[in-house]
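Hi,

Here is the structure I promised to hand over. Have a look at it first, and then read on for what I found.

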Amino acid sequence: MNNGSPPLISVATLTYKNYHRLFETISSVLSQDYSNIEYIISDDGSGDFPTEKVLEYIKTYKRDNIKNFELIVNDDNVGTVKHLNNVLKKCEGEYIFDLASEDLFSSNHIVSEIVEHFQNSDCDVLIASRAVYTGSEITSLVPHKCDWEHIKSLDTAKKRYSAFMLTQHFDAFIGANVFYKKETIKKHGYFDEQYVLLEDAPMIGEFLWEDKVDIIPEIIGVIYEGENGVSTSKRKNAVLEKDISYFNQFGKLKHYEELDHRVKKHIDFGIERAKAKNKLQLALICFKYIPQIVDYGSFCLGRTISGFKDKEYINSLNIENCSLLK
């Protein structure tokens, strides 16, 4: 950490009709040992947000390190992307931590570690690891422990962007383990409001292409509860699926001409798949792109096998015994 006063950082917790771990999220922020935190909680028109309970909790447990606290409760729902942008424009911190209401910092020194790395490396964006916490136990790491060396070998912007377009390590590049400078997000004009719910993927692509991105998977920054989001493996959200389709058809074309043949073919497959109007069309498209399916399937199989090897490392972290998770 630099010798001067530590920079102000902003933690933003956005909610929408989901509060069952909200107070654990808040507690993990209030417990940080970092000394200069702005904390903003904002609800996107849920209609039943527990305002008084949150205010009372903050009043009871807030310490001097929380320099500014603001609670925003929208009357109407505006959608994830616009909601996030509205909050980010209020953030005064030099660095932004987007911590959703089902995420929590795994220890009280995570913010300090991440700010220290920002200052030592002068990166614009930092991607760490997160542990996927389902039910009463951690089920996997994102990215997998066995993926770390491969991800760190992506040592140019083009390699990282290409991996993202190939959907390799896609879940590692998005989510609660991405932190960025306020000036960086302002430079990009904030998140793209052509999307309603898909806030991260379009912007992460631009981060990877244009900015200095450090990937430090050894920092297990966030515990993530994975089955209660806008869309899960068991419950698809039609608006999010529409956003994803738009991203596949148009968002991935931004740097298309500068990519190699393999990446272009993967993007082409995504575009045609998104346009399929029925199962027969989809089957014909899949037949046309069998090499791309085999390529991606092989990668996914390798990652699945890697996931089985995470458990030993997870046990060594003793995250389940962390006081913030009790």
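**Salt bridges, a buried threonine and helix packing**

E24 is partly exposed, with a relative accessible area of 26%; for this term, buried means under 20% relative accessible area, exposed over 50%, and partly exposed in between, using a 1.4 Å probe and protein chains only. Before going further, a word on the source: this is a predicted model, in which local features need pLDDT of at least 70 and side-chain atom pairs count only at pLDDT 80 or more, while totals for chains, interfaces and linings use all residues. Residues are numbered from 1 along each chain as its sequence is written, and side-chain values use heavy atoms, with hydrogens and water left out.

The partner of E24 is R21: the two form a salt bridge whose closest N and O atoms are 3.2 Å apart. A salt bridge here is a side-chain nitrogen of Lys or Arg within 4 Å of a carboxyl oxygen of Asp or Glu. R21 is buried, at a relative accessible area of 6%.

By that rule the count comes to eleven salt bridges. Among them is the one between D155 and K159, at 2.9 Å from N to O. D155 is exposed at 53% relative accessibility, and K159 is partly exposed at 41%. Another joins E257 to K264, with 3.8 Å from N to O. In that pair E257 is exposed, with a relative accessible area of 63%, whereas K264 counts as buried at 19%. There is also a network: D122, D124 and K181 are joined by salt bridges that share partners.

Next, T25. This residue lies in helix α1 (residues 22-30); helices are DSSP runs of H or I with at least four residues, strands are runs of E with at least two, and both are numbered from the N terminus. T25 is buried, at 0% relative accessibility. Which residues does T25 contact, leaving aside its neighbours within four places in sequence? They are T13, Y39, L99, A100, S101, E102, D103 and L104, where contact means heavy atoms within 4.5 Å. As for Y95, 70 residues apart from T25 along the chain, the C-alpha atoms of the two are separated by 19 Å.

Finally, the helix pairs. Two packed helices are described by the angle between their axes and the distance between the axes. Axes are lines fitted to C-alpha atoms, for helices over the stretch in contact, and angles run from 0 to 180 degrees between N-to-C directions.

Helix α10 (residues 238-249) and helix α11 (residues 261-275) have axes that come within 8 Å and cross at roughly 135°. That makes α10 oblique to α11; angles under 35 degrees count as roughly parallel, over 145 as roughly antiparallel, 65 to 115 as roughly perpendicular, and the rest as oblique. On the α10 side, S245, N248 and Q249 meet G270, I271, A274 and K275 of α11. The residues of this contact divide into two nonpolar, four polar and one charged. For these classes, Ala, Val, Leu, Ile, Met, Phe, Trp, Tyr, Cys and Pro count as nonpolar, Asp, Glu, Lys and Arg as charged, and the others, Gly among them, as polar.

α11 also packs with helix α12 (residues 279-288), at an angle of about 170° and with the axes 9 Å apart. The two are therefore roughly antiparallel to each other. Here F269, E272, R273 and K275 in α11 meet Q281, L282, I285, C286 and K288 in α12, and the residues of the contact divide into four nonpolar, one polar and four charged.

Best wishes
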